[in-house]
Amino acid sequence: MRKLDKAINIEDLRKMARKKLPAPLFNYIAGGSDDESNVDGNTDAFDSVKLVPEYLVDVANIDLSVKVLGREISMPLLLAPTGMSRLFHHDGETAVCKAAAAAGTYYALSTVGSTTIEDVAAASDGPKCFQIYVMKDRSLTREFIQRCKDVNFDSLILTVDIPVAGYRERELRYGFTMPPKLNLAGLVGFAAKPAWVYHTLTHAPARLANVAHKIPQGSSQSTSLMKYIASQFDPSVSWDDMAWMISEWGGPFAIKGILSAADARKAVDIGVSAIMVSNHGGRQLDGALSAFEALGPIVDAVGGQCEIICDGGIRRGTHVLKALARGATACSIGRPYLFGLAAAGQAGVAKALALLRAEIERDMALLGCRTIGEISGKHIS
């Protein structure tokens with residue numbers, strides 16, 4: 001892993017991922033909707049405030065631990081749900097959940113993941129949550145909840161910002177859509193990465209593992225599964241559906257995709273444990289608020305009645321500290337660990353987490369804070 005040793009930040013892992021992945025897949029990770037203003041904008045938003053350090057503080061011992069969604073984790077950073085991880089490395093979600101467990105933090109498995117709920121549970125004893133949608137077929141939603149109960153997942157995350165899919169032009173340019181319809185540019189992109197093609201062909205094909213049983217025997221191709229899951233997204237979902245799901249689950253429950261203080265207040269009143277402030281990584285409504293921009297008003301509206309997770313644009317430890325100073329309980333990442341996964345599988349995910357952990361710890365010392373609880377609004381200006 002000598003190449004991996006050369007990665008000194010998340011941007012280095014992004015460059016490694018770009019070298020490893022066929023162009024359609026790299027652009028699937030890196031791209032967003034419409035003009036993609038939120039993809040870089042989510043990160044740039046952290047520049048709107050500056051850190052205010054305090055010195056002559058004994059920072060010989062730094063404690064990064066925090067409690068989120070019912071579990072104590074080793075640092076204020078969770079691994080957010082991302083779809084079809086085995087497209088980016090043949091070990092997929094299994095590699096990611098093992099790296100998260102080794103780092104002592106949460107892993108969130110996506111409904112559109114390429115590994116089953118049961119296999120993720122068997123692979124890791126670390127904190128785990130399942131990211132869920134309210135499907136048109138409510139029996140499928142109920143089935144997911146029961147399966148998570150059966151294998152002792154810790155919490156659920158309901159994603160609410162995808163009543164319809166965002167318009168992702170970069171994917172259209174390469175023909176990498178749901179279902180895939182590769183054009184010439186896409187095919188050339190795959191042909192240019194023979195190592196990825198070899199590993200993909202010599203391992204079980206990636207598929208939407210948690211809905212595979214919904215497709216009749218003999219027709220379980222990825223395209224059929226993708227068409228099925230796309231048909232199950234329900235644009236009529238309401239707050240009543242979320243209330244039903246919280247009751248059905250009966251444990252720690254987060255809502256993901258909130259940018260409005262009014263929505264945050266409704267979520268608290270219905271009984272969520274946590275709000276994930278997120279614009280879906282810039283992949284849904286282009287030009288929406290970034291998570292960091294939306295964070296302050298949501299923190300004020302919630303008034304400490306639930307946990308707040310800042311999701312989107314995190315690339316540095318200082319980004320995490322700024323979100324915590326603005327009132328977040330923790331942050332979550334998607335692209336950074338996918339870059340690590342694509343670069344080197346489980347070791348690459350571990351590298352991404354180690355880099356960010358080291359930055360958070362070092363930056364807390366430089367800020368003059370020994371625990372996460374000491375970080376507050378006085379540390380930003």
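Leaving aside neighbours within four places in sequence, which residues is histidine 280 in contact with? Point 4 takes this up.

1. Basis. This is a predicted model, where local features need pLDDT of at least 70, side-chain atom pairs count only at pLDDT 80 or more, and totals for chains, interfaces and linings use all residues. Residues are numbered from 1 along each chain as its sequence is written, and side-chain values use heavy atoms, with hydrogens and water left out.

2. Tyrosine 28 and its partners. Rings of Phe, Tyr and Trp (its six-membered ring) pair if their centres lie within 6.5 Å; planes under 30 degrees apart are stacked, over 60 edge-to-face, and the rest tilted. The count is 4 aromatic pairs. In one of them, tyrosine 28 and phenylalanine 88 have ring centres 6.1 Å apart and planes at 25°, so they are stacked. Tyrosine 28 lies in helix H3 (residues 23–30), and phenylalanine 88 in the loop between strand E3 (77–79) and helix H5 (92–103), 60 residues apart. Helices (H or I, at least four residues) and strands (E, at least two) are DSSP runs, numbered from the N terminus. Both tyrosine 28 and phenylalanine 88 are buried. Buried means under 20% relative accessible area, exposed over 50%, partly exposed in between (1.4 Å probe, protein chains only). The charged end of arginine 283 sits over the ring of tyrosine 28, 4.8 Å from its centre. That term needs NZ of Lys or CZ of Arg within 6 Å of the ring centre and within 35 degrees of the ring normal.

3. Phenylalanine 292 and its partners. Phenylalanine 46 and phenylalanine 292 form a tilted pair, 4.6 Å centre to centre with 35° between the planes. The pair links distant parts of the chain: phenylalanine 46 is in the loop between helix H4 (37–44) and strand E1 (66–68), phenylalanine 292 in helix H14 (residues 291–302), 246 residues apart. Phenylalanine 46 and phenylalanine 292 are both buried. The charged end of arginine 326 sits over the ring of phenylalanine 292, 4.1 Å from its centre.

4. Histidine 280. This residue is in the loop between strand E8 (274–278) and H14. Is histidine 280 buried or exposed? Histidine 280 counts as buried because its relative accessibility is 15%. Contact means heavy atoms within 4.5 Å. Apart from neighbours within four places in sequence, histidine 280 is in contact with Tyr133, Thr159, Asp161, Arg168 and Lys256.
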